[in-house]
Amino acid sequence: MYLVNTVERDKAEGIVADTYALVPAQIDIPVPMRLLSVSPGLMERQANMIRYFRHHDRLSPPLLASIRYVASEKFAYAPCAVFNHDLLRMQGMSEDDIASLSCKPAETPLDETESALLAFVTRAVNEPATVTRAHIEALVELGWRESDVVDAVQVASNMLGMSLMYRTFVRD
């Protein structure tokens, strides 16, 4: 139950309808998207963020889903953890692969460079004060741009913000 008046898919108009159109009709509107329907301005920003990452030239869909999963687990954001878990399963990851994402990113089906970036994001999520310039330089040596590193951490940080929104405005 939402504590605020959200917009249902069949009643959506304008930016809310445009944003809902990003979600295939056979899939329920995700909880965070539905929650943001209360504020079309925030929803527009979220839609732009979705579009940005959907078309990111370096961060692959499995890497993005892995980052969201790890961060949503850390921040106790169940709807996104479940959603990204299911997405990773559809992308071919096993339960063991998914279980290893946050504790053993090098042992996932992601390639070496993606595993390294996931490990960095996991460090940032768990202990941000331990990140050093050397960590970033190591990723750059693997071929990542600094902008990719910042983008990856932004994906994780979005889970923290939406976790707070969820815990404030949604009741089971």
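## A walk through the helices

At a relative accessibility of 19%, S60 counts as buried, since buried means under 20% relative accessible area, exposed means over 50%, and partly exposed lies in between (1.4 Å probe, protein chains only). This is a predicted model, in which local features need pLDDT of at least 70 and side-chain atom pairs count only at pLDDT 80 or more, while totals for chains, interfaces and linings use all residues. Residues are numbered from 1 along each chain as its sequence is written, and side-chain values use heavy atoms, with hydrogens and water left out.

Let's stay with S60 for a moment. This residue sits in the loop between α3 (40-54) and α4; the helices (H or I, at least four residues) and strands (E, at least two) are DSSP runs, numbered from the N terminus. The S60 side chain makes a polar contact of 2.5 Å with the side chain of E114. A polar contact is a pair of N or O atoms within 3.5 Å; within protein, one must be able to donate a hydrogen and the other to accept it, and residues adjacent in sequence count only if both atoms are side-chain atoms.

How do α4 and α9 cross? The axes of α4 (residues 61-74) and α9 (residues 146-169) come within 8 Å and cross at roughly 40°. Such axes are lines fitted to C-alpha atoms, for helices over the stretch in contact, and the angles run from 0 to 180 degrees between N-to-C directions. The two helices are therefore oblique to each other: angles under 35 degrees count as roughly parallel, over 145 as roughly antiparallel, 65 to 115 as roughly perpendicular, and the rest as oblique. The crossing of α4 with α9 is right-handed, where the near helix is turned clockwise from the far one by less than a right angle, anticlockwise being left-handed.

On the α4 side, L64, I67, R68, A71 and S72 meet A152, V155, A156 and M159 of α9, contact here meaning heavy atoms within 4.5 Å. By class, the residues of this α4 contact with α9 are seven nonpolar, one polar and one charged. In this scheme Ala, Val, Leu, Ile, Met, Phe, Trp, Tyr, Cys and Pro count as nonpolar, Asp, Glu, Lys and Arg as charged, and the others, Gly among them, as polar.

Helix α4 also packs against α5 (78-90). The axes of α4 and α5 come within 8 Å and cross at roughly 150°. That angle makes α4 roughly antiparallel to α5, and the crossing is left-handed. P62, A65, S66, R68, Y69, S72 and E73 of α4 make the contact with C80, A81, N84, H85, L87 and L88 of α5. Seven of these residues are nonpolar, four polar and two charged. In the loop that links α4 and α5 you will find A76. Its phi is near 55°, a positive value in a residue other than glycine, and A76 is exposed, with a relative accessible area of 54%.

Our next stop is the pair α7 and α8. The axes of α7 (residues 112-126) and α8 (residues 133-141) come within 10 Å and cross at roughly 160°. This makes α7 roughly antiparallel to α8, again with a left-handed crossing. A116, L117, F120 and R123 of α7 touch H135, I136 and L139 of α8, a set that divides into five nonpolar, one polar and one charged.

Two members of that contact are worth a visit. R123, in α7, is partly exposed at a relative accessible area of 31%. Leaving aside neighbours within four places in sequence, R123 is in contact with P128, T130, V131 and H135. L139, in α8, is buried, with a relative accessible area of 4%. Not counting residues up to four places away in sequence, L139 touches A116, L117, F120, W144 and V149. L139 and I67 are 72 residues apart in sequence and 16 Å apart in space, C-alpha to C-alpha.

To finish, turn to R34 in helix α2 (residues 31-36). The side chains of R34 and E8 are joined by a polar contact of 3.4 Å. Beyond neighbours within four places in sequence, R34 is in contact with Y2, T6, V7, E8, Y20 and I29.
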